[in-house]
Amino acid sequence: MQDKPNVLYIMFDQAKASAMSFLGNRDLDLPFCDRMAKEGWVFENAYSAAPICTPSRASVHTGFYPQVHGATCHQNRVPFNLPQMAELLTDAGYYTAAAGHYEPERNLSRGWHEQSSMHERGPLYNSWMDHIRSGRKDVAWSSGAVDCDASHGNSALLTDRAIRMAEQAQNSKRPYFLHICYDDPHPPYFVPRPYDTMYNPNDVTLPEAGNPDDLPDWQAKAREQVGIDKASEQDIRKTLATYYGMVRYIDDEMSRLYAALDAKGMLENTWVIIGSDHGDYTGEKGLFNKSEAHYGCLLHVPLIIVPPKNSGEAGPMRVSEMINSVDLFPTILSIADAEIPTNQGKCILEWIREGRGEPLHKAVFSGIGDYHGFIGTSWPSGMPSAGRHKSLTHAIRTDDHLYINDPDNGDEAYDLTADPKELVNLLANGPAAPGSTLDGLRLQLAEFVQNCSELRERLDVVLGERGFIEGWE
């Protein structure tokens with residue numbers, strides 16, 4: 001049993017791919033992630049199945065898109081009758097432990113031998129509350145310093161907790177699956193000293209806001225709600241610089257965790273996975289934080305997989321083909337030689353071992369919405385009410401195009417070659433012409449949604465609790 005490899009899966013929260021130095025951002029430096037990128041497999045086009053925490057993490061831990069698992073917004077719980085990754089790894093003989101922001105309150109608490117949510121009362125909770133209480137309640141872009149030094153910030157305390165959990169995993173004499181979920185760079189855009197001033201606002205590249213006339217109408221209301229009209233250019237620069245400081249804070253904490261495990265001899269025969277649940281606007285489209293939308297800034301995420309040294313796996317590489325977060329489910333289970341139940345992911349490990357002949361995906365999908373709760377615009381840490389959707393929305397992304405089905409506000413489509421920032425909605429003046437590329441994507445997306453419905457029925461998925469009571473969420 002002990003010959004099985006360990007898995008260390010560490011995550012940012014709300015870190016977008018374009019904020020990573022190993023993916024081309026020259027406005028910040030991430031020494032640890034850059035080092036891991038040189039040692040492992042860098043997935044340049046990894047996409048989340050959803051743009052907010054709960055549905056994204058549910059997809060990783062069940063291997064299903066939101067259209068199947070049903071946790072499509074902040075009010076929904078993950079179904080009780082879909083197997084979860086930690087349960088399957090425990091059954092395969094692993095010691096499993098999770099800490100931080102991994103959504104146990106939404107039924108992602110099953111299968112762990114040990115778990116420590118930052119929402120439990122204690123130092124982690126107190127430091128998290130100190131963070132989320134920072135910032136103004138009238139705008140989404142306020143930024144600055146949490147009133148403590150970095151060693152007392154939430155992420156440092158989480159690293160301390162993770163190191164203690166690692167000791168318990170080592171004492172178990174079993175292979176381990178250690179899942180550490182940092183909360184940064186989740187807004188509010190505040191970070192402990194000295195990371196609040198680590199990057200000069202004058203040196204960062206301003207995001208592209210686009211022409212409002214080319215963007216969907218719902219975004220105008222969302223921009224009003226984020227208070228973009230109250231922000232000067234320097235405000236936007238400072239927010240982005242602080243966001244980069246938050247990303248660097250996590251990079252340093254990941255490095256400290258890695259070094260501690262290495263000193264304990266716990267990285268022998270260990271796979272290291274670095275990812276993020278979803279991204280952030282940080283000024284793109286004139287918006288901040290996130291929303292229930294399908295844009296690249298929210299769905300394009302960092303992903304690095306580092307095989308154990310001397311494992312015989314393929315050496316360092318950069319992978320340009322598209323990956324989706326549902327793929328992590330069969331991939332991690334395959335690493336562990338665990339049972340892999342029905343799921344919608346594709347095994348990255350098997351694909352790389354076979355030489356990456358055909359792309360793993362010709363298209364990836366996402367789903368979000370069906371929100372009927374009571375949370376409105378919720379700064380400093382939430383999203384604009386205009387960015388929530390009462391209907392379930394769906395998207396398909398290929399190398400060249402993005403098509404979004406939005407029953408509430410009208411469909412959207414973008415030419416990703418000519419318009420990589422998705423700033424000109426090709427459907428602003430009407431639906432796609434019959435027989436066109438965009439119409440073909442519309443039909444392919446509709447087929448995917450139908451297949452998900454049939455799969456959910458075939459698996460007899462019992463949807464998790466759905467909150468419609470004020471205060472429940």
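Me: Which elements each supply at least two residues of the lining of the largest cavity?

Reply: On a 1 Å grid over the protein atoms alone, a cavity is a set of points where a 1.4 Å probe fits but cannot get out, and a lining residue has an atom within 4 Å of a point. Helices (H or I, at least four residues) and strands (E, at least two) are DSSP runs numbered from the N terminus. Here β1, β2, α2 (53-62), β8 (270-276) and β11 each give at least two residues to that lining. The model is predicted: local features need pLDDT of at least 70, side-chain atom pairs count only at pLDDT 80 or more, and totals for chains, interfaces and linings use all residues. Residues are numbered from 1 along each chain as its sequence is written, and side-chain values use heavy atoms, with hydrogens and water left out.

Me: What volume does the largest cavity have, and which residues are the closest to its centre?

Reply: A volume is the space filled by probe spheres set on the grid points, which are joined across faces, edges and corners. The largest cavity has a volume of about 110 Å³. Of its 16 lining residues, Ser276, Val301, Leu303, Ser325 and Leu328 are the closest to the centre.

Me: How does the second largest pocket read?

Reply: A pocket is an open set of points with protein on both sides within 12 Å along at least five of seven lines. Two or more lining residues come from each of β2 (41-47), α9 (296-299) and β11 (317-324).

Me: Why does asparagine 6 count as buried?

Reply: Buried means under 20% relative accessible area, exposed over 50%, and partly exposed in between (1.4 Å probe, protein chains only). Asparagine 6 counts as buried because its relative accessibility is 10%. This residue lies in strand β1 (residues 6-12). A contact means heavy atoms within 4.5 Å; leaving aside residues up to four places away in sequence, asparagine 6 touches several residues, including Arg174, Tyr176, Met266 and Trp271. The C-alpha atoms of asparagine 6 and methionine 266 are separated by 8.4 Å, although the two are 260 residues apart along the chain.

Me: Which residues touch the most other members of the largest nonpolar core?

Reply: A nonpolar core is a set of buried Ala, Val, Leu, Ile, Met, Phe, Trp, Tyr and Cys residues joined through side-chain atoms within 4.5 Å. Of the 81 residues in the largest one, Phe12, Leu178, Ile180, Met254, Leu257, Leu261 and Ile274 touch the most other members. Helix α8 (residues 233-263) gives the largest share, 14 residues.
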